[in-house]
Amino acid sequence: MVEWITSPGLTGYEAALAFMEARVGAIAAREAPECIWLLEHPPLYTAGTSAKAADLIAPARFPVHQARRGGQYTYHGPGQRVVYVMLDLNRRGRDVRGFVAALESWVVAALAEFNVTGHIRAGRVGVWVERPDRAPHANGQPAEDKIAAIGIRLRRWISFHGIAINVEPDLEHFSGIVPCGISDHGVTSLVDLGLPVTMTDLDLALKRSFERVFPG
């Protein structure tokens, strides 16, 4: 059984890290079940292990946390569903790339419930949506915005950190960083796409699609 936890209000980042550290240890010791934790953070930036100093454009704007997960700079804040994923890859397959691909597929499946087509792009971790309402790039490729970021860490083949899906965050807050180190694409949200999706709506879609992507 996977335990699902949904936290109301805003959860501090350090408290979230402490919870994940403890839960990963308990899962490894077979003292607790796997866990999916749904929450929102107050406005903050996190730096992954590949973060570049130049990508932090406004260092004094919000607190900056060293996340120790993969990836670069990411914004978290109200209106964004953070999905912390504490799963045991010892029994789900010790395949890091396959696991990240499964997380991306999970987001794509959840977005499809709202008739949003999510795309996975080679060399760009996360989930993207095409924007036909905007001019294409000079190379003819369609304009795209990122709707979900993914960054994980493994300890003893137990995952933590996870996914951030934009439901209705303040998109201007992303301007203080180069999100995930990618400057030639934008950031969007479900509400920005014109969809009146609530956090509860997304949570239900995530729960429905989880077992299809992560059976047993």
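Biologist: Which residues does Leu103 touch, leaving out those up to four places away in sequence?

Modeller: In this predicted model, Leu103 touches Val85, Ile150, Ile152, Ile163 and Phe214. Each of these counts as a touch because it has heavy atoms within 4.5 Å.

Biologist: What makes a set of residues here a nonpolar core, and how many residues has the largest one?

Modeller: The members must be buried residues of nonpolar kinds, joined through side-chain atoms within 4.5 Å. The largest set that meets this has 34 residues, and Ile36, Leu103 and Trp106 have the most contacts inside it. Two or more residues each come from strands S2 (34-39), S6 (80-86), S8 (124-130), S9 (144-155) and S10 (158-166), and from helices H3 (96-112) and H4 (199-213). The largest share, 8 residues, is that of H3.

Biologist: Which residues does the second core include, and how many does it have?

Modeller: The second core is separate and has 16 residues, among them Cys35, Val82, Tyr84 and Met86. As a general background, nonpolar side chains in soluble globular proteins tend to be buried together.

Biologist: Why is Leu89 called buried?

Modeller: Its relative accessible area is 0%, and buried means under 20%. Leu89 therefore counts as buried. This residue is in helix H2, and beyond four places in sequence its contacts are Arg94, Asp95, Phe99, Leu154, Trp157 and Ser159.

Biologist: Asp145 is a charged kind of residue. Why does Asp145 count as buried?

Modeller: The relative accessibility of Asp145 is 3%, and the cut-off is 20%. The value falls under the cut-off, so Asp145 is buried. Asp145 belongs to strand S9.

Biologist: What makes the pairing of Asp145 and Arg134 a polar contact?

Modeller: The two side chains are joined at 2.8 Å, while the limit for such a pair of N or O atoms is 3.5 Å. The distance is within the limit, so the pair qualifies. A polar side-chain atom of Asp145 also lies 3.2 Å from the backbone nitrogen of Gly186. Outside four places in sequence, Asp145 is in contact with residues including Val127, Trp128, Val129, Arg131, Val187 and Thr188.

Biologist: How do you know whether Glu144 is buried or exposed?

Modeller: Glu144 has a relative accessible area of 4%, to be set against the limit of 20%. It is therefore buried. Glu144, too, is placed in strand S9.

Biologist: Which side chain makes a polar contact with that of Glu144?

Modeller: The partner is Arg121, at 2.5 Å, and 3.5 Å is the limit. Beyond four places in sequence, the contacts of Glu144 include Arg124, Trp128, Glu130, His137 and His185.

Biologist: What is the volume of the largest pocket?

Modeller: About 460 Å³. Of the 27 residues lining the largest pocket, Gly70, Gly71, Val125, Ile150 and Gly151 are the closest to its centre. Strand S5 (73-76), S6, H3, S8, S9 and S10 each give two or more residues to that lining. S9 gives the most, with 5 residues.

Biologist: How many residues of that largest pocket's lining are nonpolar, polar and charged?

Modeller: The lining of the largest pocket has 13 nonpolar, 9 polar and 5 charged residues.

Biologist: Which residues line the second largest pocket?

Modeller: Among them are Met1, Ile27, Arg30, Pro33, Asp88, Asn90, Arg91 and Arg156. Helices H1 (13-28) and H2 (89-92) are the elements giving two or more residues to this lining. The second largest pocket holds about 200 Å³ of space, and its lining divides into 6 nonpolar, 1 polar and 5 charged residues.

Biologist: Why is Arg156 called exposed?

Modeller: Exposed means over 50%, and Arg156 has 59% relative accessibility, so it counts as exposed. Arg156 is in the loop between S9 and S10, and has a positive phi near 55° though it is not a glycine.

Biologist: Where is Asn115 placed, and why does Asn115 count as exposed?

Modeller: Asn115 is in the loop between H3 and strand S7 (119-121). Its relative accessibility is 75%, over the 50% cut-off, and Asn115 is therefore exposed. The phi of Asn115 is also positive, about 60°, in a residue that is not a glycine.

Conventions. Residues numbered from 1 in each chain as written. Predicted model: local features only at pLDDT ≥ 70, side-chain atom pairs only at ≥ 80, totals over all residues. Heavy atoms only, no water. Buried < 20%, exposed > 50% of the residue type's maximum accessible area, 1.4 Å probe, protein only. Helix = DSSP H or I, 4+ residues; strand = E, 2+ residues; numbered from the N terminus. 1 Å grid on protein atoms, 1.4 Å probe; cavity = no way out; pocket = protein on both sides within 12 Å on 5 of 7 lines; lining within 4 Å. Points joined across faces, edges and corners; volume = space filled by probe spheres on them. Polar contact = N/O pair within 3.5 Å; in protein donor to acceptor, adjacent residues only side chain to side chain.
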